[in-house]
Amino acid sequence: MIAQFEQERTRLRAVAHRMLGSFTEADDALQEAWIRVERADTSEVENPAAWLTTVVGRVCLNMLRDRRDHAFEMPDPVIDVREEPEHQAVAGDEVGLAMLIVLDTLKPDERLAFVLHDMFAVPFDDIAPLIDKTPATTRQLASRARKRVQERPRANDDLPKQREAVNAFLKASREGDLEGLVSVLHPEVVLRAGALEVIGGRAVAARASTFRKFATAAEIRFAVIGGDAGFVSWVDGVLFSAMAFTVQDGQITAIHVIQDKEQLARLVA
């Protein structure tokens, strides 16, 4: 079974990442799951891949339940600063930052039911024992979580169109062009940076227009962040921030900013 675990490691890490939102915690979960698998009697396991998924799911569920209340922390998206189209296609399959943020608001049981069933096709009959619920109740939990996830802002433009909007945002920021910013921002756009949340086109534009000095001085490299267009910036050679944009019909509907240095260091090669 250990050999099977290693074959499934990439998929199991994806399960843990979607459950926990952190690559570091996902790796911790896989280590704990590996220990459990090593100690378990697996002689009667008929479907090793499904069984391993439930083992990782249970470990992640325990970790979520053990979390203490804490200030909002931005989840870890996949950040790809490479330009080749094939890399962009791969990145497009990753879970976006907006979804990770929504997942982080779900209760542990809801998150487990949704992630295992909707993302990894685990039957409700197999998920229910993990949370001591009936399959019918587990289905309801997943349905409630699914509704929350579906309400999140989602890009409906392709990457080139998304990048056009990001370019327009950067240009207007560099020029301190408030009206230019307003024109590229959706009236109900949401900007999130750590615990900060700014809502509304003019409010976000007013804040972004103050970035003029930064936007002019920073070294900008475009990136695909969780499948959406964005960029990573350096100031004086020091990694400074990553910004992910959700673009719908040519307008920016959400902006997520990551500025924590330790988080950036593990996400940007």
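Contact here means heavy atoms within 4.5 Å. In this predicted model, Val56 touches Leu12, Val15, Ala16, Leu30 and Ala33, leaving aside residues up to four places away in sequence.

Val56, Leu103 and Leu112 have the most contacts inside the largest nonpolar core, a set of 40 residues. At least two residues of this core come from each of helices H2 (9-20), H3 (23-39), H4 (48-66), H6 (97-105), H7, H8 (124-127) and H9. H4 gives the most, with seven residues. Another core, of 26 residues, lies apart from this one and includes Leu159, Val204, Val247 and Ile252.

## Packing of H7 and H9

Helix H7 (residues 108-119) and helix H9 (residues 135-150) have axes that come within 8 Å and cross at roughly 85 degrees. Angles of 65 to 115 degrees count as roughly perpendicular, so H7 is roughly perpendicular to H9.

On the H7 side, Asp109, Glu110, Ala113, Phe114, His117 and Asp118 take part; they meet Thr138, Leu141, Ala142, Arg144, Ala145, Arg146 and Val149 of H9. By type, the residues of this contact are six nonpolar, two polar and five charged.

## The sheet

An open sheet of mixed pairing is formed by seven strands, ordered E1-E4-E5-E6-E7-E2-E3. Strands E1 (79-80) and E3 (196-199) are at the edges; each has a single partner strand, so one side of each has no neighbour in the sheet.

Seven bridges join strand E6 (residues 238-248) to strand E7 (residues 251-258) in the antiparallel sense.

Across E2 (185-193), E3 and E7 lies helix H12 (residues 201-209), which runs at about 55 degrees to E2.

Key:
Residues numbered from 1 in each chain as written. Predicted model: local features only at pLDDT ≥ 70, side-chain atom pairs only at ≥ 80, totals over all residues. Heavy atoms only, no water. Axes fitted to C-alpha atoms, helices over the stretch in contact; angles between N-to-C directions. Helix = DSSP H or I, 4+ residues; strand = E, 2+ residues; numbered from the N terminus. Parallel < 35°, antiparallel > 145°, perpendicular 65-115°, else oblique. Nonpolar A, V, L, I, M, F, W, Y, C, P; charged D, E, K, R; others polar. Pairing = 2+ DSSP bridges. Core = buried A, V, L, I, M, F, W, Y, C linked by side-chain atoms within 4.5 Å. Buried < 20%, exposed > 50% of the residue type's maximum accessible area, 1.4 Å probe, protein only.
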